[in-house]
Amino acid sequence: MDDLAQLNNFRSEVPVQEDLRAEAERLMAGMSAPARPNFRRLGLRAALAGGLAAAVGVAVFLVQNQPAPTPPPPLIRTVAAVEVLTRAAEHAGSRPELHPRPGQFLVYQSETMNSAEGEGQIWLSRARRTFWQPVEGSSVKAFLQNEILAPLPYPGHMLPPLAQWEQEQVGKPSRPERAADFDDRPEFMRNDYAYVSKLPTDTEGMRRHLYTQVPFDGLQDYEAWGRVGGLLQESYLPAAQRAALFRAAATIPGVVTVKEAQDAAGRTGIAAAMVSPMGVREEYIFDRKTYDYLGRRGVVVDAKLANAPVGSVVSSSAQLKVSVADGAPIVE
């Protein structure tokens with residue numbers, strides 16, 4: 001079944017407005033056929049997939065040392081996610097906007113869960129983050145404070161001894177520190193407000209931005225999907241750019257809808273998602289009524305590739321609050 005046929009099936013269950021139908025058909029017509037992934041380049045390209053692989057090198061140790069239970073497979077609608085992302089675009093300007101000024105900071109509060117590895121051991125690290133990002137400038141002027149949460153076993157594995165240090169840090173919030181010692185990202189990978197507020201406000205322009213310097217070798221759509229995440233998590237786009245981002249994301253081949261998804265804070269919503277070459281479905285979760293972005297989640301769909309049971313969650317985040325501050329914490 002091709003993407004357009006899948007989209008039509010989905011419409012039989014979700015009311016569709018005529019303007020949405022025309023937009024969806026126009027966007028689908030612009031899609032290119034997905035190519036077969038080149039797994040030899042997988043490691044490097046996965047690292048480039050920005051928001052889908054947020055690094056968090058902190059966490060803690062859970063008291064019980066039992067393998068994590070395997071949850072039931074989530075309900076998936078294997079259709080294009082044009083409807084979800086188009087509605088997110090339509091709701092982009094429905095909330096009061098932030099208008100940060102040069103010299104100020106955008107402050108992001110979030111929760112994260114990512115896999116951590118060392119000495120052949122693997123587990124899930126969790127943290128509550130506060131991130132101060134300057135309105136303009138590189139990440140070396142940003143600040144981060146982590147509160148370590150109890151770690152979890154990686155699905156299908158025992159909680160390893162190496163996670164013991166993290167367990168000992170539970171309840172001991174760290175002091176704010178500089179977020180990075182260097183920032184050598186290319187210009188098109190920046191996500192500070194001064195840069196993203198100048199991104200295109202039309203679908204075609206934003207789509208070109210997502211595919212900037214991406215080699216068309218079979219992994220291009222997954223990389224573009226990762227860049228969407230990099231502009232959602234700990235980044236704040238003005239409403240016009242946010243709407244363009246969602247409409248452009250809807251044109252990426254291989255995007256599907258997940259009817260029920262849960263972020264790291266336990267909030268439920270509807271998600272647009274794409275399956276990665278590593279056998280994990282990378283989801284962007286939206287509130288079902290307001291279509292506000294809630295967070296992301298990674299769910300295993302191929303046990304062999306992901307080294308975890310199908311249906312298990314191997315990463316997640318929750319963007320809890322975004323605000324503006326005149327200054328950042330004092331760091332010694």
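## Cores, helix packing and salt bridges in a predicted model

Of the 36 residues in the largest nonpolar core, those that touch the most other members are Leu85, Leu210, Trp225, Val228, Leu245, Ile252 and Phe286. A nonpolar core is here a set of buried Ala, Val, Leu, Ile, Met, Phe, Trp, Tyr and Cys residues joined through side-chain atoms within 4.5 Å, and buried means under 20% relative accessible area, with exposed over 50% and partly exposed in between (1.4 Å probe, protein chains only). At least two residues of this core are supplied by each of H4, helix H6 (193–196), helix H7 (203–210), helix H8 (220–230), helix H9 (239–249), strand E7 (268–275) and E8, and H9 gives the most, with 6 residues. A second, separate core has 9 residues, among them Leu124, Val280, Ala306 and Val314.

The model is predicted, so that local features need pLDDT of at least 70 and side-chain atom pairs count only at pLDDT 80 or more, whereas totals for chains, interfaces and linings use all residues. Residues are numbered from 1 along each chain as its sequence is written, and side-chain values use heavy atoms, with hydrogens and water left out.

**Overall composition**

The protein has 10 helices and 10 strands, where helices (H or I, at least four residues) and strands (E, at least two) are DSSP runs numbered from the N terminus. Of its 332 residues, 52% are buried. Among contacts with a separation of 6 or more, 69% are between residues 24 or more positions apart, a contact being heavy atoms within 4.5 Å. The accessible surface comes to about 15,400 Å², and 54% of that belongs to carbon and sulfur atoms; accessible areas come from the Shrake-Rupley method with a 1.4 Å probe, and for residues only the protein chains shown count as cover.

The axes of H7 and H9 come within 8 Å and cross at roughly 75°, with axes taken as lines fitted to C-alpha atoms, for helices over the stretch in contact, and angles running from 0 to 180 degrees between N-to-C directions. The two helices are therefore roughly perpendicular to each other, given that angles under 35 degrees count as roughly parallel, over 145 as roughly antiparallel, 65 to 115 as roughly perpendicular and the rest as oblique. At this crossing, Thr203, Met206, Arg207 and Leu210 in H7 meet Gln241, Ala244, Leu245, Arg247, Ala248 and Ala249 in H9. Leucine 245, leaving aside neighbours within four places in sequence, is in contact with Met206, Leu210, Val228, Leu231, Leu232 and Leu237.

**Salt bridges**

The whole structure holds 13 salt bridges, each being a side-chain nitrogen of Lys or Arg within 4 Å of a carboxyl oxygen of Asp or Glu. Three of them are listed below.

| Arginine 95 | Aspartate 292 | 3.0 Å |

Arginine 95 and aspartate 292 form a salt bridge that links distant parts of the chain, 197 residues apart, with arginine 95 in the loop between helix H4 (82–90) and strand E2 (105–118) and aspartate 292 in the loop between strand E8 (280–286) and strand E9 (293–300). Arginine 95 counts as partly exposed, at 47% relative accessibility.

Glutamate 111 is buried at 13% relative accessibility, whereas arginine 128 is partly exposed at 32%. Salt bridges that share partners join Glu111, Arg128 and Glu147 into one network.

**Proline 100**

Proline 100 is placed in the loop between H4 and E2 and is buried, with a relative accessible area of 9%. Not counting residues up to four places away in sequence, proline 100 touches Leu106, Val135, Tyr193 and Val324.
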